[in-house]
Amino acid sequence: MNELMQVVCPTCDTTNRVPSARLVDDPKCGKCHNMLFSGKPLELNSANFQTHIKRSDVPMVVDFWAPWC
């Protein structure tokens, strides 16, 4: 069975449905056509953090930091 996974685009924050078997094929966003996985950390803000956490089926590692630390 090829389950559909939800992946939020790091560029435009659109939720994309990608077959789990195709996650390794460098999928692109259906709206902005940018890569869904860049291999680099993504800096989120208060406006898009909840979107990425709640809508993405891909596991995420979150590192909270502040410039004064």
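Trainee: Which elements each supply at least two residues of the lining of the largest pocket?

Mentor: This is a predicted model, in which local features need pLDDT of at least 70 and side-chain atom pairs count only at pLDDT 80 or more, whereas totals for chains, interfaces and linings use all residues. Residues are numbered from 1 along each chain as its sequence is written, and side-chain values use heavy atoms, with hydrogens and water left out.

The elements are β1 (4-8) and α1 (49-55), where helices (H or I, at least four residues) and strands (E, at least two) are DSSP runs numbered from the N terminus. A pocket here is an open set of points on a 1 Å grid over the protein atoms alone, where a 1.4 Å probe fits and protein lies on both sides within 12 Å along at least five of seven lines, and its lining residues have an atom within 4 Å of a point. The largest pocket has a volume of about 800 Å³, a volume being the space filled by probe spheres set on the points, which are joined across faces, edges and corners. Its lining counts 24 residues, with L42, E43, L44, M60 and V61 nearest the centre. By class, 16 of the lining residues are nonpolar, 5 polar and 3 charged, with Ala, Val, Leu, Ile, Met, Phe, Trp, Tyr, Cys and Pro taken as nonpolar, Asp, Glu, Lys and Arg as charged, and the others, Gly among them, as polar.

Within strand β1 lies L4, which is partly exposed at a relative accessible area of 47% (buried means under 20%, exposed over 50%, partly exposed in between, with a 1.4 Å probe and protein chains only). Leaving aside residues up to four places away in sequence, L4 touches R17, V18, P19 and D57, contact meaning heavy atoms within 4.5 Å. The C-alpha atoms of L4 and N16, 12 residues apart along the chain, are 9.5 Å from each other.

Turning to the cysteines, the count is 0 disulfides, a disulfide being a pair of cysteine sulfur atoms within 2.5 Å. C29 is in none, since its nearest cysteine sulfur, that of C12, is 3.6 Å away, and C29 is buried at 1% relative accessibility. The sulfur of C32 is too far for a bond because the closest cysteine sulfur, in C9, lies 3.5 Å from it, and C32 is partly exposed at 25%.
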